[in-house]
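Hi,

Here is the structure I promised to pass on. Have a look at it first, and then read my notes below.

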Amino acid sequence: MASIDGLVSGLNTSEIIKQLMQLERQPQVRLQGRQKMVESAISALKDLNTKFLSITTAAGKLNTATGWQLATATSSDTTRVAATATSGATQSSLTFSVEQLAKASTSLSAGFVASTADSVATANTSIFLTKGSAAAVEINTGDGSLGAVVNAINKAGAGVTASAVQTTTGEYRLHLSSTTTGADTAITIDDGAGANPFAATLGAQDTVVAGQDAKLLVGTTTITRASNTISDLMTGVTLTLTKAEAGVPVTVEVKSDAEGLAANVAALVDAVNLARSDIKALTTYNLDTKAKGKLYGDSGIRSLRSALADAVIGDGTTSAGIAGVSVERDGTVKFDKDKFLKAMADDPVAVEKTLGETGLAGRLHTLADGASRGQYHSDGPGLIHGAITSRESQVTGLKASISNWDNRLELRQLTLQRQFTGLEKALRASQAQGQWLSGQIAGLPSWGN
């Protein structure tokens with residue numbers, strides 16, 4: 001209902017109602033402000049949860065025995081052999097020569113056709129492709145053209161790629177290539193009865209490259225593999241053969257990767273420091289700016305900061321300090337790489353015990369997992385996730401209250417509009433009555449005449 005804006009009273013009733021509604025709206029405004037604060041806290045908690053998940057991940061790399069078995073593999077000649085090691089690779093050394101590389105079988109038809117649309121086989125008949133000792137794969141020739149045969153072979157999943165090669169103008173030949181290397185990759189095609197289905201058009205498939213195995217010589221022992229990528233010769237090591245030189249030795253050496261372990265410890269320390277600094281910013285009061293952190297007053301979240309320091313310090317039975325990890329006066333965790341590397345060189349077993357599953361990494365993994373695990377974890381939600389869920393419930397309640405206020409304010413505004421409209425109408429009636437009385441009085445006879 002629109003108000004009669006000052007028709008009689010001269011009052012700006014719309015502006016008066018607007019100002020009155022601003023006052024009426026203050027409880028809702030406070031609720032909206034509270035909602036924004038809680039949503040901001042939820043966002044901060046989710047970010048903090050991510051930081052604790054990072055601690056879990058970083059600690060996980062050091063929380064298992066294999067995590068401490070990092071190794072590096074080096075080749076004396078990377079132009080012939082590349083070597084990479086995985087976690088768990090054993091320290092070892094192997095010298096060998098690459099006598100020959102593995103190759104894939106390829107062939108090219110002796111005959112040709114003038115275009116890929118030319119027929120090379122009877123339409124909609126079956127041809128049978130065999131690679132090495134594998135079972136034959138039945139393939140439909142489609143319309144019988146060279147292009148159709150090439151497409152059919154490529155779609156057959158037989159481990160063979162086909163292409164129509166234009167060897168010279170107007171001469172298209174069928175080229176076949178095994179997708180894998182090794183001696184057992186020779187390719188044959190027949191009609192199911194042993195005859196060549198392309199005898200009258202493309203003729204026989206001439207061998208271009210004969211498939212062969214890779215051959216290594218270790219002392220006087222010959223080792224063969226179907227691939228140039230070999231992962232079963234040295235435990236935890238993958239060799240990639242790139243060049244063959246008979247009789248020329250290559251040495252692959254596997255050593256413990258102390259540098260890689262140092263990087264993992266440094267990453268764990270960085271993750272802890274990021275989480276601690278984040279908690280401090282979120283839970284403290286800044287005297288200079290007079291601003292409270294988004295999680296100010298949350299004792300549960302604040303306790304995680306000291307818990308991180310306690311996890312680094314441990315129970316006193318073993319000190320992470322001997323392996324280069326210490327806590328500064330301000331609570332910052334420090335990592336001394338040189339001290340760590342020296343400790344690894346002197347006593348790697350003691351370092352693993354101090355920083356591994358039974359030490360620093362194990363304690364931090366347990367703490368971080370307890371803080372960040374999800375709602376449906378078998379052990380229940382973590383502390384941070386619980387705080388997020390609690391605040392999300394608050395937001396749901398606040399949204400409902402804010403919505404209820406929308407209805408109340410709408411009714412209040414209608415009431416004010418009715419009241420001011422009624423006032424204007426009453427004033428107008430009063431004014432009209434006054435004018436009538438004035439007219440009546442003016443019309444009375446003058447008794448003085």
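Let me start with the largest pocket: helix H2 (26-60) and helix H9 (383-443) each put at least two residues into its lining. Helices and strands here are DSSP runs numbered from the N terminus, with at least four residues (H or I) for a helix and at least two (E) for a strand. Before going on, note that this is a predicted model, so local features need pLDDT of at least 70 and side-chain atom pairs count only at pLDDT 80 or more, while totals for chains, interfaces and linings use all residues. Residues are numbered from 1 along each chain as its sequence is written, and side-chain values use heavy atoms, with hydrogens and water left out.

Back to that pocket. H2 gives the most to the lining, with 5 residues. By class that makes 5 nonpolar, 3 polar and 4 charged residues (Ala, Val, Leu, Ile, Met, Phe, Trp, Tyr, Cys and Pro count as nonpolar, Asp, Glu, Lys and Arg as charged, and the others, Gly among them, as polar). Its volume is about 260 Å³. A pocket is an open set of points on a 1 Å grid over the protein atoms alone, where a 1.4 Å probe fits and protein lies on both sides within 12 Å along at least five of seven lines; lining residues have an atom within 4 Å of a point. Points are joined across faces, edges and corners, and the volume is the space filled by probe spheres set on them.

The second largest pocket comes to about 210 Å³. Of its 15 lining residues, Ser107, Ile187, Thr188, Ile189 and Gln205 lie nearest the centre. Strand E4 (106-109), E9 and strand E10 (205-209) each supply at least two, and E9 has the largest share, 3 residues. This lining has 6 nonpolar, 9 polar and no charged residues.

Thr188 is worth a click: it sits in strand E9 and is partly exposed, at 44% relative accessibility (buried is under 20% relative accessible area, exposed over 50%, partly exposed in between, with a 1.4 Å probe and protein chains only). Its C-alpha is 7.9 Å from that of Gln205, 17 residues apart along the chain. Leaving out residues up to four places away in sequence, Thr188 touches Phe128, Leu129 and Thr130, where contact means heavy atoms within 4.5 Å.

Thr185, in the loop between strand E8 (171-178) and strand E9 (187-190), is buried, with a relative accessible area of 2%. A polar atom of its side chain lies 2.7 Å from the backbone oxygen of Gly182. Beyond four places in sequence, its contacts include Lys103, Lys131, Ser178 and Gly211.

Now the cores. The largest nonpolar core has 50 residues, and Phe52, Ile55, Val325, Phe340 and Leu355 have the most contacts inside it. A nonpolar core is a set of buried Ala, Val, Leu, Ile, Met, Phe, Trp, Tyr and Cys residues joined through side-chain atoms within 4.5 Å. Apart from this core lies another, of 21 residues, among them Val120, Ile153, Val160 and Leu176. As for Ile55, the residues it touches, not counting those up to four places away in sequence, include Leu268, Val272, Leu308 and Leu364.

Last, Ala164 is in strand E7 (residues 160-168) and is partly exposed, at 30% relative accessible area.

Cheers

Notes: Polar contact = N/O pair within 3.5 Å; in protein donor to acceptor, adjacent residues only side chain to side chain.
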